[in-house]
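Please look over the model shown below before reading the numbered points that follow.

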Amino acid sequence: MLSKLGILFIIGTLFTSLSIIFLTFKELKAIDNLIPSKIYKFSLFQLFFSISSFFVLLLAYILSDFSLVNVYENSHSNKPLFYKISGTWGNHEGSLLLWINILVLFSSLFLFLTKNSDKSFKILTLLFQNLLIITFLIFLLTNSNPFSELFPVPLEGLGLNPILQDPALAIHPPLLYIGFVGSSIYFSAALAALISKIDSQSFAISIKSWVLVSWFFQTVGILVGSIWAYYELGWGGYWFWDPVENSSLMPWFVMTALLHSILVLERRIGLYSWVIVLSILTFTMSVTGTFLVRSGILNSVHTFASDPSRGLFILSFLVLMVFSSIFIFFKFSPKENKKYSIFSKEAFIIANNWFMIFFLGVVLIGTLYPVLLDTITGSKISVGPPYYNLILAPFLIPLLFLMTSGPNYKWISNDVRSLFNLVLVLSVTFFLITFFLIKENNLLINLILFFSIYLITQTLFDFYESFKKKNINISRIISHLGFGLLIFFIYINHIFSVENNFNLKLGETKKTDYYTIKFVNLEEQSIKNYKSIIGYFNVSNKKNFTSKELRPEIRVYDKPFTITYEASINSNLFSDTYLTMSNISDTDVFNIKFQVKPFMNLIWLSVLLLSLGGVLNFFKRKKNEKN
Amino acid sequence: MKKINYIIISVLFSLLFIVLYLSLGNEKIYNTQDLVGKKISEVEINLFQSNETFNTKELTNNEFTILNFWASWCGPCRKEHPNLVRLSKIKNLKLIGINFKDEKDNARNFLRENGNPFDILGEDKNGKNSVNFGVYGIPETILIDSELKILKKYIGPLNINDVNEIRKIVKK
């Protein structure tokens, strides 16, 4: 029943999308400057059908309707309601439906919310967006249908991978999808802008909010994913340069570059073609990431079942998308001949863009190189953190420096200012204090620490200055402050992290340089869909004589049979104490991984601060539009 | 100029897509078994007890050698250890243990508790050297002959059948 209803709604979405394409085509030839109300109506119907189809799938999950293959394979009637709901998008087919919903949502929002724009630009954007929607609907119906039926109906489902049963991970995919699928709307708008030849400023204004929204969700999505990895994977790390993590980071780099270059474009100073290239590139990177993750050509901690036929479809789509974009770009690209002074704001913004594109290149090569090498020569290599750290870290120094000095230059031209100032003196002082406290000998790390301190001090100083003048560019200040703090805390965390691995039996005590860890008790519990073995550990700090109780768990899930190791983390603002245990088969010895990780919460807070800047900018724009 | 850019970009993308298309049909899981029959690479390995190193070239002096990658923190290593002790009694077979990403104290305790079957004990503190042998996870065991050719590769703990198989190969 739900299956038929779901398919009906999908066909409804397909029909309305085709109608919109037909109407927009017809409208391209019309001379008047009004978009007919029919298009608005169809767009509303499309939104209704698409959201309804998603709700039908959601309902099937909530009711545990195992007549749907998708629900049978990914859910179980014993599962807590929250995870039944998140199970909807925790698999390939369901997440594809979410993809389509976001494409449709952004299509309607763009149509209804974009005001005072050129008609043909708006119509063409809608046309391209609906071509994307149609392609994904065909993919869904022919290859990855979440509403496929199963007969006879099984009594029980197979269950959701327990590692995905986590609140952070339940909201991680929707956030990321809004981020990178949302970028589709400025991909469509960029192609539309080329063909309709609208002026650069109107284009910048019409896409800026969308870029901000997708950038914000992408940032928060990546953050939530990192927090999940930190708590759930039990390795004590939060970023692994895993190919799938890289797939979310690549669009983020382009979005960040885009966000900055729009600032230039908004002021009619140039960069039109470049902004268009970035708009196209963001969504291209998103689809590339999706291809890498779903086709199974990469090995990763992420758990999409691999299927070459899916890969082939996404690859064909990517080919079509890239070549049409290249064709449209070269046929219609606008002419520009603007020159700027080296010491102007836009020069610094262009520098930011080069850094972002460089970072993108490094991550893209690191991710793709093993695949290409394997295919061409057959040799298998693995590109890991050392590659990224080695290549990316040195470039943080000039980036931090440009972020510090760039924003204080004026548009178009500027006089060279003296380098010596109060902020620099303060930064050097702060750095020397830090250096004295951490006693780190590595020159590169010290330079990075110094320049992050310089950026933090400068942004705080800017905040004070602009507050006096009541002309506050608060969003930039908050985001740059967030970035400076992020880099600072990542390195401090790196320097002061402690890790010990050892084996313990119940009742034994292990002494490390600063800590004493006692294995006090072991308990077994049966919980709804898993059995839990809980270890009680007493960790005392020899330095300040405090002690904490930590309770790591080993969980044995029955559907599907999986063992997970739950870290126990005692967390405060300045330091996390992290303990995981795993059993060694046929013995009563447990392997213990004990870690002390300073400033983890401040790392998360820094990313929140970074994304908060985007939100503030978004609302500032809305306020300006109203005035 | 515009036309040249157009062509270059299109060609580059085409090449990329062709390779990605080919990669769809490839075997994805890393299978180190295909190293069997190849020679091991010449690698300097740090010795566990001293600061000296030892080169895998020296293994040509042995008729057969087993390279075993282990760590005290690894449960399956504990399980396979009695089998290594069994292998250590074979005369024309030398055992090289490579302690993988481990702490010295723990490793010493492990050998004290379970016995030390190794003729030479090396260490690979950060796991980099082991990659030269195609080892990413432990335990793994490689059997080589005097020409340094890999005869067998065991991924995961050795069981008694593996021990018997090694006995047979070495006796021939």
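1. The crossing of H1(A) and H2(A) is left-handed, a term used when the near helix is turned anticlockwise from the far one by less than a right angle. Helices here are DSSP runs of H or I with at least four residues, and strands are runs of E with at least two, numbered from the N terminus. The residues in the contact of H1(A) with H2(A) comprise 14 nonpolar, 12 polar and one charged (Ala, Val, Leu, Ile, Met, Phe, Trp, Tyr, Cys and Pro count as nonpolar, Asp, Glu, Lys and Arg as charged, and the others, Gly among them, as polar).

2. This is a predicted model, in which local features need pLDDT of at least 70 and side-chain atom pairs count only at pLDDT 80 or more, while totals for chains, interfaces and linings use all residues. Residues are numbered from 1 along each chain as its sequence is written, and chains are lettered from A and ligands numbered from 1 in the order in which they are written.

3. In chain B, seven strands form an open sheet with mixed pairing, in the order E2-E1-E5-E4-E3-E6-E7; two strands pair if DSSP finds at least two bridges between them. Strand E2 (53–55) and strand E7 (150–155) of chain B stand at the edges with a single partner strand each, so one side of each is left without a neighbour in the sheet.

4. Strand E1 (residues 44–47) of chain B pairs with E2(B) in the antiparallel sense over three bridges, and B:Thr53 in E2(B) is the bridge partner of B:Asn46.
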